[in-house]
Amino acid sequence: MTLPDRCEVVVIGGGVIGVSVAYHLAEAGIQDVVLVERKELTSGTTWHAAGLVGQLRSSINMTKLARYTSELYRGLEAETGQATGYRQCGSMSIAATAERFEELKRSASMAKVFGLEVNVLSVEEIAERYPLIQTDDLYGGIHIPSDGYANAVDITQALAKGAKSRGVRIATHTKVEEILHEGGQIAGVRTDRGEIQAKYVVICGGMWSRDLASSVGVNLPLHACEHYYVLFESVEGLHPDLPVLRDYDACTYYKYDAGKLLLGAFEPSAKPWGMGGIAEDFCFDEIAGDFDHFEPVLLDAMKRFPALERAGIQKFFCGPESFTPDVRYHLGEAPELKNCFVAAGLNSIGLQSAGGVGKVTAQWIRDGRPPVDLWEVDVRRNMPFQRSQRYLQSRVGESLGLLYATHYPYRQYETARGVRKAAIHDRLRAAGACHGEAYGWERPNWYAPDGVEPVYDYSYGRQNWFDHSAAEHRAVREGVALFDQSSFAKFRFEGRDTVAVLNRICANNIDVVPGRVVYTQWLNERGGIEADLTVTRLAENAFMIVSAAETEVRDFYWLKRHIPDDAHCVLTNVTSGMGVISIMGPKARDLLQSLTPDDMSHKGFPFATSREIELGYGYVRASRITFVGELGWELYIPTEFMQDTYDRIVAAGAEWGLVHAGYHALNSLRTEKAYRHWSHDITDEDSPLEAGLDFVVKWDKPGGFVGREALLEQREKGLSRHLLQLRLKDPEPLIYHNEPIWRDGTLVGHITSGAYGHTLGGAVGLGYVRATPGDAPEAVLDGHYEVEVACEKITAEVSLRPLYDPENAKIRS
């Protein structure tokens, strides 16, 4: 085709992801699309995809996208006339450990939330449905009737045919040499066949995407790994009606493939590939592979599938697939460059994700916002350091294996550790800290007492740290504890227009006297919560914004993009410049007063006050605020003063019984107090009214705020759901997230986050439940509530108010 000199959207990459994006752009009404591919369609990694089409994911929205993909493929051949090889044969996942079976049953419960049929199977039922495998060591499994498989090349060609019928132009053998940009936004691309001016560019370049994005300052961390499969012929008893089989504990999957059996694997320690770059002529290429590396998987497979011992190997295959540091793909608009979108890093599930990825990317471009909460795959979650080649090469070998690893609660990464450390990291280790990794930060999750090794022993039940964290929890409730929260994202916002700009973005009123801390949300135009944070007024034209480590990049760029071009404002990320030590508990005041001449009394230092206090040889900023529901202060300390300040607090703390506490205790404490956690309990799909946060919405402040009109409309119509706190009456079961909530036998919602309430004496969670608009909020409390845990329903008590200290007497003492 003749290359046009301009269009609305350029899609880079002709794999199944890029072609799906182009197809869905046209379907969404954007036909002026050009897809450019360096070689041939599917010639990168799509062509060798195994073809599995599964639907059950670890979260509700990801499962919805996978279900849409499956539905799309079912009708694609009829729509386009292009064969797709799609077959709905169902899938079966088996468990060779009790913990794996627990995980599968929890997944089956979660599937009920969105109506996906998932059947729990006994060992006898597994043997009946798949008689070719050995089942003596199994505990059970699950069956999903609507799963299947397809031919990845044929699916891509069908999507391409559908896209072209709607006006999309596809240019193969066209290499993008440069992404053009001007004034911080996309201007087009320069190819080896000429320039194309465009309003949007979507990077769907698979394993080439990282370098392409990096060339324009966009952070897109991914790296290729070797991925193996073997094709067996003459397998006794093989027939096309067998379901796709996943033997997670052996890291393997099995699929009928045109009279043969395809065996693939996601081994625990994979091998990164392409460290020296990818050959310019790479096209439908295989890579050499290492049979010795794959042999242990093959031997285990023969134990599970005895017929393989007598079958012949027709093909031993090794090809590259791109993986990300957290095994979640990258999607959305890059924060660094306006109108630059990405859809890459699919972690070997590209075919079974492509339909959903294409659909939401197209809707995001068309509407200027994501259609649903996509935070877990949002490219804004990535930290700048993560595009380091050395970091990626260290991490992605673990990423591949985690696809089939048991997804234990609180499981920690083992590779590429120690990237970001608090200044007191070594002191915390000496105190017994077991550090977890979050967004590159080493954070103390729990503390091991003397004689206990600070390492995890994972389980779906009470893990080895449960009692130790419970002791930390009680120390906060009854005495005083120290938390390291240096990973907080911290920004300074200064300039003569800061009040007007920030007050427009915040739902609460931040035009307060200097020295006040304001808890607030940032909303989108639909009234959804984009950020949940605190704003401290330092001076007339200076503010400190504190948010979660998880949203450092997202929140920084959200604010930056909402600063008018003519506004006099300077936004600076000062996260690395300050550490944070939090002192929490009824004795927090006594401890801090012993360290400072400043007045820490309730009268002299009221709740939501922030000011500098003298401590040791320096000054720290003390903010009286809490995320645990007790009296306490967060101390913001210049990094170079952290060690001395910590030493003095610990030395003085001996008199008051100071205990070190970690993030597991923080989570159980905040859950008891029903404090919301952004990305779990509140997202860009949830409003402050639904979440019970209307007390921090200042409806009538001058100038209004983003999202006000949407909230007014919602308030007028009435709410269709409310966020409740739930406590299981049986003290034994544990809840984490996505467990179904039942009311009088009807499914009404699901748990958004959960932890064990050591003070309340049972597992506690938050979750939205359906309501009738116009009814009083208290109406949702009527009825018999149950939470389903691994297919068993547990009676729960519910409340709209915190079950712990509903009057907030503790924090204002």
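Arginine 477 lies over the face of tyrosine 804, 3.9 Å from the ring centre. A charge counts as sitting over a ring if NZ of Lys or CZ of Arg is within 6 Å of the ring centre and within 35 degrees of the ring normal. The charged end of arginine 462 is placed likewise over the ring of tyrosine 756, at 5.1 Å from its centre.

This is a predicted model, in which local features need pLDDT of at least 70 and side-chain atom pairs count only at pLDDT 80 or more, while totals for chains, interfaces and linings use all residues. Residues are numbered from 1 along each chain as its sequence is written, and side-chain values use heavy atoms, with hydrogens and water left out.

**Overall form**

The protein chain holds 17 helices and 37 strands. These are DSSP runs numbered from the N terminus: helices are H or I with at least four residues, strands are E with at least two. The radius of gyration is 27 Å, close to the 28 Å that the globule rule gives for 813 residues, so the chain is as compact as a globular protein of that length. That radius is taken over C-alpha atoms, and the rule is 2.2 Å times the number of residues to the power 0.38. The C-alpha trace spans about 80 × 65 × 55 Å along its principal axes.

Of the 813 residues, 62% count as buried. Buried means under 20% relative accessible area, exposed over 50%, and partly exposed in between (1.4 Å probe, protein chains only). Take contacts (heavy atoms within 4.5 Å). Among those between residues at least 6 apart in sequence, 72% join residues at least 24 apart.

**Aromatic pairs**

The whole structure has 30 aromatic pairs. Rings of Phe, Tyr and Trp (its six-membered ring) pair if their centres lie within 6.5 Å; planes under 30 degrees apart count as stacked, over 60 as edge-to-face and the rest as tilted. Two pairs are set out here.

| Pair | Centre to centre | Angle between planes | Class |
|---|---|---|---|
| Tryptophan 273 and phenylalanine 282 | 5.8 Å | 55 degrees | tilted |
| Tryptophan 375 and tryptophan 678 | 5.4 Å | 75 degrees | edge-to-face |

Tryptophan 273 and phenylalanine 282 are both buried. Tryptophan 375 lies in the loop between α8 (350-367) and α9 (389-402), and tryptophan 678 in the loop between α16 (663-672) and α17 (708-717), so their pair ties together parts that are 303 residues apart in sequence. Tryptophan 375 is buried at 5% relative accessibility. Tryptophan 678 is buried too, at 8%. One aromatic cluster is formed by Tyr408, Trp446, Tyr456, Tyr458 and Tyr460.

**Nonpolar cores**

A nonpolar core is a set of buried Ala, Val, Leu, Ile, Met, Phe, Trp, Tyr and Cys residues joined through side-chain atoms within 4.5 Å. The largest has 73 residues, and Tyr130 and Phe305 touch the most other members. Strand β12 (residues 223-233) gives the most to this core, with seven residues. Beyond its neighbours within four places in sequence, phenylalanine 305 is in contact with Tyr130, Leu132, Ile133, Val235, Tyr254 and Leu261. A second, separate core of 49 residues includes Val53, Tyr86, Leu351 and Trp364.

**Lysine 810**

Lysine 810 is in the segment after β37 (792-799). Its relative accessible area is 38%, which makes lysine 810 partly exposed. Setting aside neighbours within four places in sequence, lysine 810 is in contact with Gly629, Glu630, Leu631, Tyr804 and Asp805.
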